[in-house]
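Subject: Structure for your study

Dear colleague,

Please find the structure below, handed over for your study.

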Amino acid sequence: MSTITHSPAMKSLRRMFLNPTRKQIVDYCDSIGILMWQRHGIFFAATLLAAVYIDATKAFLLYSAVLLTDLLDIRMARRVSKWTGKDQRTARRIGIQILINTVLSALAITTFVVMIALEQRLGGHFTPLFFLFAAALFCAMNNHQILGALIVRLSIYAVGFVYIALIDVLRFMPPITSYIWLQFFTVAFVMYFILDVSRLYLGMYRANLAHLEKLEAEHEKTKIAYKVKSNFVSTVSHELRTPLTSIKGSLDLIQAGSIGPVPDHLKPVLDLAGRNCERLSDLINDILDVQSLEAGRFVSELKPIVAEDVVEEAVQVNYGFADKHGVYLDFTRPETTTYIKGDQRRLIQVLTNLISNAVKFSEQGDAVTVRCEIVDNKIVVFVEDNGIGIPENSRDKVFGQFHQIDSSDQRDYGGTGLGMNISKQIVELHKGVIDYVSELGVGTTFMVALDIVEKPANQPTTPGPTAWDERAPDKVRIAANG
């Protein structure tokens with residue numbers, strides 16, 4: 001007995017009728033929901049015809065039975081929508097419920113059609129046979145997700161077909177040359193056609209399932225490979241940072257003369273080594289930022305902050321860099337106090353990147369202007385320079401990863417090619433917009449637009465324009481004060 005129960009054939013039958021996969025169950029229920037009104041439009045039209053020409057009471061009673069079985073399907077579909085797919089016992093119970101609903105629905109439809117055929121006294125039975133053909137074809141095209149349910153429904157419909165075809169054969173016992181037998185053989189042909197359509201749609205569905213499973217398997221492999229790559233890049237970056245920090249610290253000590261006087265012929269070499277250490281450090285930091293962005297842990301919780309504070313701090317951060325390049329920073333803090341929702345540290349990072357780029361691409365003695373404007377319930381921060389400008393059709397390069405505008409002369413300005421991409425992602429995480437306008441040889445203006453929010457309750461009033469940091473270089477501070 002145990003051998004029979006656990007034989008491959010029995011396992012296959014159990015899987016076919018009682019253990020459909022979650023994907024098959026969900027697809028089956030989705031099909032029910034999408035085509036519900038279409039099915040009932042057909043059934044109700046058939047009910048009206050039967051009520052007018054056959055028997056109204058029987059017609060509406062049987063239609064009510066069909067409607068009741070569909071309500072059971074809707075109830076089951078709601079249950080499936082809450083099912084995670086992990087509980088196999090639930091899958092088995094749902095599979096049993098689908099079979100029960102299928103049997104009730106097919107019996108109600110077949111009874112409805114047979115009733116019409118029995119009420120007809122003239123023979124032919126075109127109307128009931130057409131109704132049953134429509135129901136069977138609808139089933140073959142739309143209920144192929146669960147093979148067990150498809151077999152049960154079509155089997156009940158087949159009994160109905162044979163019974164209707166035999167009504168006149170049994171009633172009149174005609175010779176084989178009679179048209180009654182022609183109708184019988186035609187019904188047999190129709191049944192074969194429906195089975196062939198069912199096989200075709202079932203094959204297409206299974207092929208799609210197999211293709212989807214293959215895609216999902218490839219997707220999982222890609223996710224694993226991506227995770228390995230991310231972990232590798234993150235680990236290597238962290239491991240590089242420690243020795244690089246030591247090297248840079250040692251170079252700074254040597255250049256500062258802390259270890260002793262530096263011969264003049266070594267100063268250019270040490271300066272070059274120091275600059276390259278800074279470039280490597282920037283590259284490592286940018287790579288770590290990209291990894292954090294991709295992992296979704298880059299921006300902390302967004303909270304109301306004062307936009308003018310963010311802009312002012314970003315300008316102050318760039319004082320030393322601007323002074324080193326002989327560029328003036330022109331910024332006057334607005335009298336307004338505007339609140340935005342954001343991560344202050346990351347927004348300062350964005351503006352710092354824009355300002356440092358503007359300084360880097362400006363000539364000595366030029367000015368970089370930073371200003372704020374309120375436009376349509378947004379605060380827009382402008383960073384303007386009079387530098388070399390950006391060529392047309394370079395937007396993808398400006399905001400892409402590891403891209404610089406030009407691989408020849410502009411490479412002299414350095415950079416990792418990640419800063420603008422990181423800035424764009426940060427702004428988009430704040431539901432803002434970053435863009436630019438530029439003209440070669442004239443200059444570039446970058447814009448960051450962020451939504452204004454209401455002042456939070458119990459928030460202290462922010463004072464007006466603050467005094468500039470007295471440690472800032474004089475020419476930068478004077479330019480900033482106008």
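The notes below cover a helix pair, several salt bridges and one further residue.

This is a predicted model, in which local features need pLDDT of at least 70, side-chain atom pairs count only at pLDDT 80 or more, and totals for chains, interfaces and linings use all residues. Residues are numbered from 1 along each chain as its sequence is written, and side-chain values use heavy atoms, with hydrogens and water left out.

**Helix packing**

Two packed helices are described by the angle between their axes and the distance between the axes. Helices here are DSSP runs of H or I with at least four residues, numbered from the N terminus. Helix H4 (residues 88–119) packs against helix H5 (residues 126–142) at an angle of about 165°, and their axes lie 8 Å apart. The two are therefore roughly antiparallel (a word used for angles over 145 degrees). The contact (heavy atoms within 4.5 Å) involves Ile109, Thr110, Val113, Ile116 and Ala117 from H4, and Pro128, Phe131, Leu132 and Ala135 from H5. Of these residues, 8 are nonpolar, 1 is polar and none is charged. In this count, Ala, Val, Leu, Ile, Met, Phe, Trp, Tyr, Cys and Pro are nonpolar, Asp, Glu, Lys and Arg are charged, and the others, Gly among them, are polar.

**Salt bridges**

The whole structure holds 12 salt bridges, each a side-chain nitrogen of Lys or Arg within 4 Å of a carboxyl oxygen of Asp or Glu. One of them joins aspartate 168 to arginine 171 (3.6 Å, N to O). These two are 3 residues apart in helix H6 (residues 147–172), so about one helical turn separates them. Aspartate 168 is buried, at 3% relative accessible area, while arginine 171 is partly exposed, at 33%. Buried means under 20%, exposed over 50%, and partly exposed in between (1.4 Å probe, protein chains only).

Another salt bridge links glutamate 428 and lysine 424, with the closest N and O atoms 2.4 Å apart. They sit 4 residues apart in helix H13 (residues 419–429), which means a separation of about one helical turn. Both partners are partly exposed: glutamate 428 at 43% and lysine 424 at 26%.

Leucine 68 belongs to helix H3 (residues 22–81) and is exposed, with a relative accessible area of 51%. Leucine 68 and serine 105 lie 37 residues apart in sequence, and their C-alpha atoms are 8.5 Å apart in space.

Yours sincerely

Conventions
Axes are lines fitted to C-alpha atoms, for helices over the stretch in contact, and angles run from 0 to 180 degrees between N-to-C directions. Angles under 35 degrees count as roughly parallel, over 145 as roughly antiparallel, 65 to 115 as roughly perpendicular and the rest as oblique.
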